[in-house]
Every structure is written in C-alpha cells, then in structure tokens.
Amino acid sequence: MYKDRHFSCEPCSYQVAGGFDPQANQVVLCQNIISSQGMMNRVLTHELIHAFDHCRGKVDWYNNLQHVACSEIRAANLSGDCSFSGELRRLQLKGVKKHHQTCVWQRAKDSVKVVRNCTDEEAARAVDSVWDTCFNDLAPFHKIPRNKKDAIRAARFRYDYDI
C-alpha cells in the first residue's frame, strides 16, 4: 500500500466518517468528521477490513446486498466501533448482556442502508441472512481485538510479525 495512492482525506457528508472505494482501491477518511486519533484509528480499521474483504474474496459491492452486509458486520465487529466505552460515550448502550452483538447488528444494518440506499427492512434482512457466518469470521485476527495491545498480539499470533 502507498499512503498517497491508497488513502485520501476529504470532506464528506455527515452520514459517514470514512469509506472504501473498491474501484480505486482507496480508503477515504473524512477530515471534517474525524475529531480524534482514537476515532481515526477506528475508522481506518473499519475501512481496512472492507479492503481486506475486497482483496480476499470476490465481493460484489454494487449488486449483492449480502456481500455488503457481511463486510459491514465484520468491520463493525473487528474495528472497535462497538466498544463498551465508545457506546457508553455515545449514549447508545442498550444493556450489558449481548451489548456487542446488538451494536454490531445495528451498525451493520445502518451502514448497509446508507451505503446501498435501501430500506430498513431490506438492510435488516441482508444482515440477518449472513449474520452467523460473518460475525464469526474474525480474519485477519484470531479474536476480536479490544484494544491496540490485542491488535498487536493478534498480528503476532496470526502472522508471526510485529506491527
């Protein structure tokens, strides 16, 4: 990856903080939305999960809602989007039990709806249809990273190198 070629900082609409452009193989970071280093780390991780999925499989980003839903589930699950402290800060915590799964499902559904401009019901059906497989797909990690230390440990465990 080349930072000047594969990453772009641009002003964006207020619906998103970043994006992955599969045609350009480029991660876009929204300079007018990202307000802290922690937020940038989460957005970058989220979008790099999409890039990983794009490279790993034949994701049909434009015609297959299930493909988009799967990548959104994985990105919400693995990026830190649904950390307990983050959800508490955003006043989105809906209980302690099953908090993570509920958050991942909701964020994936909302992302599918925005990215593919579909109805709430269509997005929910797409997320439900791929939930078990995609929620349990932790690649490129061996477990859900909860912090930077977990992410570094996961990279060492999975790929035997330091980051």
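## Helix packing, sheet and local features of a predicted model

Helix H3 and helix H5 pack with their axes 8 Å apart and at an angle of about 135°, the axes being lines fitted to C-alpha atoms, for helices over the stretch in contact, with angles running from 0 to 180 degrees between N-to-C directions. H3 and H5 are therefore oblique to each other, given that angles under 35 degrees count as roughly parallel, over 145 as roughly antiparallel, 65 to 115 as roughly perpendicular and the rest as oblique. The crossing of this pair, H3 and H5, is right-handed, a term used if the near helix is turned clockwise from the far one by less than a right angle, anticlockwise being left-handed. On the H3 side the contact (heavy atoms within 4.5 Å) is made by Leu65, Val68, Ala69, Glu72, Ile73, Ala76 and Asn77, and on the H5 side by His100, Val104, Arg107, Ala108, Ser111, Val112, Val115 and Arg116. By class, the contact of H3 with H5 has nine nonpolar, three polar and three charged residues, where Ala, Val, Leu, Ile, Met, Phe, Trp, Tyr, Cys and Pro count as nonpolar, Asp, Glu, Lys and Arg as charged, and the others, Gly among them, as polar.

This is a predicted model, in which local features need pLDDT of at least 70 and side-chain atom pairs count only at pLDDT 80 or more, while totals for chains, interfaces and linings use all residues. Residues are numbered from 1 along each chain as its sequence is written, and side-chain values use heavy atoms, with hydrogens and water left out. Helices (H or I, at least four residues) and strands (E, at least two) are DSSP runs, numbered from the N terminus.

### Helix pairs

Two packed helices are described by the angle between their axes and the distance between the axes.

| Helix pair | Angle between axes | Axis distance |
|---|---|---|
| H2 (residues 37-56) and H3 (residues 65-78) | roughly 140° | within 8 Å |
| H3 and H5 | about 135° | 8 Å |
| H5 (residues 99-116) and H6 | about 130° | 9 Å |

The axes of H2 and H3 come within 8 Å and cross at roughly 140°, and that makes H2 oblique to H3. H2 passes H3 in a right-handed crossing, and the contact is made by Thr45, His46, Ile49, His50, Phe52, Asp53 and Arg56 of H2 together with Ser71, Glu72, Arg74, Ala75, Ala76 and Leu78 of H3. The residues of this contact of H2 with H3 divide into five nonpolar, four polar and four charged.

H5 and H6 are likewise described as oblique to each other, and H5 passes H6 in a right-handed crossing. From H5 the contact takes His100, Gln101, Val104, Trp105, Ala108, Lys109, Val112 and Lys113, and from H6 it takes Asp120, Ala123, Ala124, Val127, Asp128, Trp131 and Phe135. The residues of the contact of H5 with H6 divide into nine nonpolar, two polar and four charged.

### Sheet

An open sheet of three strands has the order E1-E3-E2, with mixed pairing, two strands being paired if DSSP finds at least two bridges between them. Its edge strands are E1 (7-10) and E2 (18-21), each of which pairs on one side only, and the twist averages 20° from one strand to the next. E2 and E3 (residues 26-30) pair in the antiparallel sense over four bridges; in E3, the bridge partner of Gly18 is Leu29. H2 packs on the sheet, touching E1, E2 and E3, and the direction of H2 makes about 20° with that of E2.

In E3, the bridge partner of Asp21 is Gln26. E2 and E3 form a hairpin with four residues between them, and Asn25 in the turn has a positive phi of about 50°, a positive value in a residue other than glycine.

### Aromatic pair and cis peptide

The structure holds two aromatic pairs, rings of Phe, Tyr and Trp (its six-membered ring) being paired if their centres lie within 6.5 Å, with planes under 30 degrees apart counted as stacked, over 60 as edge-to-face and the rest as tilted. One of the pairs is formed by Trp131 and Phe135, which are stacked at 4.7 Å centre to centre with 15° between the planes. Because Trp131 and Phe135 are four residues apart in H6 (residues 120-135), they are separated by about one helical turn.

The peptide bond from Ala139 to Pro140 is cis, with omega near 10°, and Pro140 has its place in the loop between H6 and H7 (148-159).
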